[in-house]
Amino acid sequence: MQYNFDEIIERKGTNCVKHDALTENFGRDDLLPMWVADMDFRSPDFVMEALRERCCHEVLGYAKAHDAYFDTMVAWLRNHYGINAGRNELHYVRGIVAGISFAIQALTKAGDGILITTPVYPPFVHLPQGSNRTLVCSALKVVDGRFSIDFDDLEKKAKECSLMILSNPHNPVGTVWSREELSHIADICHRNGVIVISDEIHADLTLPGAPLRHTSFSIVSATAAEISITFTAPSKTFNIAGLGSSICYIPNQDLRHRYFGYLNTYEVALGNIFAFVGAEAAFSKGEEWLRRMLDYLQGNVDFAKEYIAQKLPKVEAMLPEASYLAWLDFSAYGMKHEEVKSLLINKAKVALNDGAMFSPDPDDPMTQCRFRLNLGCPRATLKEALDRIATI
């Protein structure tokens, strides 16, 4: 099967956030959208065919997560990550952000400390704050051009917390944590009575050139399994985020009873027909498409690396190990954060994620003059974006 990832698909006017929410987020709609973490590639043919086939039955009533859906989840987790999940250890959730929000409500109480490592995916900042919990941040370090955990600081901060939200691989940039790093996190959190939510939505997107393969937090040790809640989804992998289909895995029976009990009691994790059908098709038929797409993404990463070195030498770029998200540091331009932001929007006319979103501190030195660039697009689009950035 041939897949054309160079194809330019017009998305504007389809009510997609990436293209149709520019004005409300950036103040103008004439920007090249390189921000929201979805790809501009066509969703896979086998997913679309499965959805069309289901639509031939013209009753779209209540749907349940059927056995074949869970069978594909079990097989994918086992074959890709060595997770031997039982059917009863899995639960559908409509999205990982929603699933984390429900976990905060189910497993913590007002005022409890919730630990994150910054800079990190913005909802990890907002969810604890919006839930009347105490946000506790452990700042990441940059070592040899990639994010690294300050374990001494993490140990100190964990004493204040009952829950940690771990981005694994880490967003932004898709840093792939090693088994040793994950085991160290598990030991610290277990010792301090901290439950660990591991968001592994970018795991399938570990690139061919990455120095490490993804390791699920839940399998690094018996200690990790005892305290872990793992979320994953086909949404980033197969560009089907609009279907709202995610999965939660909890091996610990007591923890599973508490969390799944909350989901079922409050009926907040009921699915829809297309979420189940689309995810089953993706995970049962998607191996070849995923391999080819990852090869293309690796090509985009390589292209961006060479382009930035040659034409944007003042930009320090952290490029993804997993995912399609790059972290660009414009500090060497000698401008303030807001000046760089204005130039990107009003001169270069590109929409990038503002690095300040990735920390609760707007003056965090780890996010100042940093912006996140989406590489999940046709190479011609990526080149246009970089050409525009080169004009600032």
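Strands β8 (residues 195–199) and β9 (residues 228–232) run parallel and are joined by 4 bridges; strands, like helices, are DSSP runs numbered from the N terminus (E, at least two residues, for strands; H or I, at least four, for helices). Within this pair, I197 has I229 of β9 as its bridge partner. This is a predicted model, so to speak a computed one: local features need pLDDT of at least 70, side-chain atom pairs count only at pLDDT 80 or more, and totals for chains, interfaces and linings use all residues. Residues are numbered from 1 along each chain as its sequence is written, and side-chain values use heavy atoms, with hydrogens and water left out.

Zooming out, β8 and β9 belong to an open sheet of 7 strands with mixed pairing, in the order β2-β10-β9-β8-β7-β3-β4. Two strands count as paired if DSSP finds at least two bridges between them. In general, strands of a sheet pair through backbone hydrogen bonds, either parallel or antiparallel. The edges are β2 (90–93) and β4 (134–139), each of which pairs on one side only. From one strand to the next, the twist averages 25 degrees.

Touching, or contact, means heavy atoms within 4.5 Å. Axes are lines fitted to C-alpha atoms, for helices over the stretch in contact, and angles run from 0 to 180 degrees between N-to-C directions. α4 (residues 67–81) also meets helix α11 (residues 273–285): their axes come within 9 Å and cross at roughly 35 degrees. On the α4 side, A68, Y69, T72, M73 and W76 meet F276, A279, E280, F283 and S284 in α11.

Elsewhere, E155 sits in helix α7 (residues 151–158). Leaving aside residues up to four places away in sequence, E155 touches I188, R191 and N192.
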